[in-house]
Amino acid sequence: MAYITLNRSNYFYNLDLLSKRAGGVEKIAVVLKDNAYGHGLKEMATLAKEFGVTKAIVKDDIEADMIDNMFEMILVLFPKKESKYSQTINSIEQLKDVAEYSTIHLKIDSGMHRNGIDEDQIEKALELIENKKLTLEGVMTHFRSADDLNSDLFWQIENWKRIKKRVSDLSSQSPLFHSFASSSLLRSELIDDFARCGIATYGYSELDRSFGEFGLRPVMKLWAKRISTRELDSYQRVGYGRVGNIDKKRVISTYDIGYGDGFFRHDGLSEFKIDEKRVVGRVSMDSISLESKDDKIDLYADLKDLSKRFNTISYDILVKTSHRLNRIII
Ligand SMILES: *Cc1c(COP(=O)(O)O)cnc(C)c1O
């Protein structure tokens, strides 16, 4: 069976690097949403706790329940109405709906226009928070182009500073402010109480190259095992359909991973390589054939290359990794 290895020391290295940038481990929250970006929620939560992280962010209450009691704060991005965890509030409607005495993080739109209340709804929101006796544990925003090489981020940071001041002036509570995700933390100095770190903790960054190399270390390897090997000659084909032609005598092995495991389906029409070995023919549901004799291959050996090949980003590839695969911490 294909399996996953999670490298503990690489993860700790990344957490250490990010903690130092943020000014201490208490100033980072690990983003463990979507099964910890495909790495495995329980496994990554256990490691983060061991490192000393006290704040975690997950997608929903199902994920929060899986790591209950492991962190001082568990923030749910899309909470159910009666959630016992810290709840992200994305709109005035949701604020009206939330149960009395809940603990919330109010999201305020500072320019991304995706989620959060508008700046001019702050007074209204604080009034509702007061009336419903909610604990305003946090106030947050999200940046739309922290990855890109332009000044957009700084325009949004200015908006955010204005928002923070307005909330501080008007609120009777002292919430924790947070806005930075991985990219902002890597390129700019933290201006809040903590940063929400996702992709960088797993060892990747989608920041423009010109921001430099940060030396992050990938945590996950996805290993597929060799099922069979054969020697094929020209005019023979590998796999489904009329693709996967062999040009001359070549040794081809088939490995036990495919799009059923969350790996991308490839149509076999263009050339691509995994760990420098050529993929031959189409990617099937449970298998992939390569020009190789190795007993196992690491599908994520060059994730950057892979994401370019599929016209996507590292997040997208990682998060699709099947939750059914066995995960081993090394
Ligand atoms: C996913 C997410 C993050 C983490 O972003 P990275 O780029 O992976 O660090 C931070 N904040 C919010 C609101 C998110 O949804």
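Biologist: Which residues have the most contacts inside the largest nonpolar core?
Modeller: They are Tyr11, Leu32, Ile67, Phe71, Ile288, Leu299 and Tyr300, in a core of 96 residues. This is a predicted model: local features need pLDDT of at least 70, side-chain atom pairs count only at pLDDT 80 or more, and totals for chains, interfaces and linings use all residues. Residues are numbered from 1 along each chain as its sequence is written, and side-chain values use heavy atoms, with hydrogens and water left out.

Biologist: What makes a set of residues a nonpolar core?
Modeller: Its members are buried Ala, Val, Leu, Ile, Met, Phe, Trp, Tyr and Cys residues, joined through side-chain atoms within 4.5 Å. Here, helix 1 (residues 8–22) gives the largest share of the core, six residues. Helices (H or I, at least four residues) and strands (E, at least two) are DSSP runs, numbered from the N terminus. A second, separate core has five residues, including Leu232 and Val280.

Biologist: Which residues does Tyr11 touch, beyond its neighbours within four places in sequence?
Modeller: Val30, Leu32, Met44, Leu47, Ala48, Thr201 and Val219 are in contact with Tyr11. Contact means heavy atoms within 4.5 Å.

Biologist: Why is Ser253 called buried?
Modeller: Its relative accessible area is 0%. Buried means under 20%, exposed over 50%, partly exposed in between (1.4 Å probe, protein chains only), so Ser253 counts as buried. Ser253 sits in strand 11 (residues 250–255).

Biologist: What makes the Ser253 and Thr229 pair a polar contact?
Modeller: Their side chains are joined at 2.7 Å. A polar contact is a pair of N or O atoms within 3.5 Å; within protein, one must be able to donate a hydrogen and the other to accept it, and residues adjacent in sequence count only if both atoms are side-chain atoms.

Biologist: How do you know that the buried residues of helix 3 line one face?
Modeller: Helix 3 (residues 41–51) has Leu41, Met44, Ala45, Leu47 and Ala48 buried. Seen down the helix axis, they fall within an arc of 165°, so they line one face. The arc is that of the directions from the axis to the C-beta atoms. Gly52 follows helix 3, with a positive phi near 115°.

Biologist: Which polar atoms lie 2.5 Å and 2.6 Å from an oxygen atom of the ligand?
Modeller: A polar side-chain atom of Ser182 lies at 2.5 Å, and one of Tyr315 at 2.6 Å. A polar backbone atom of Ile199 is 2.7 Å from a ligand oxygen.
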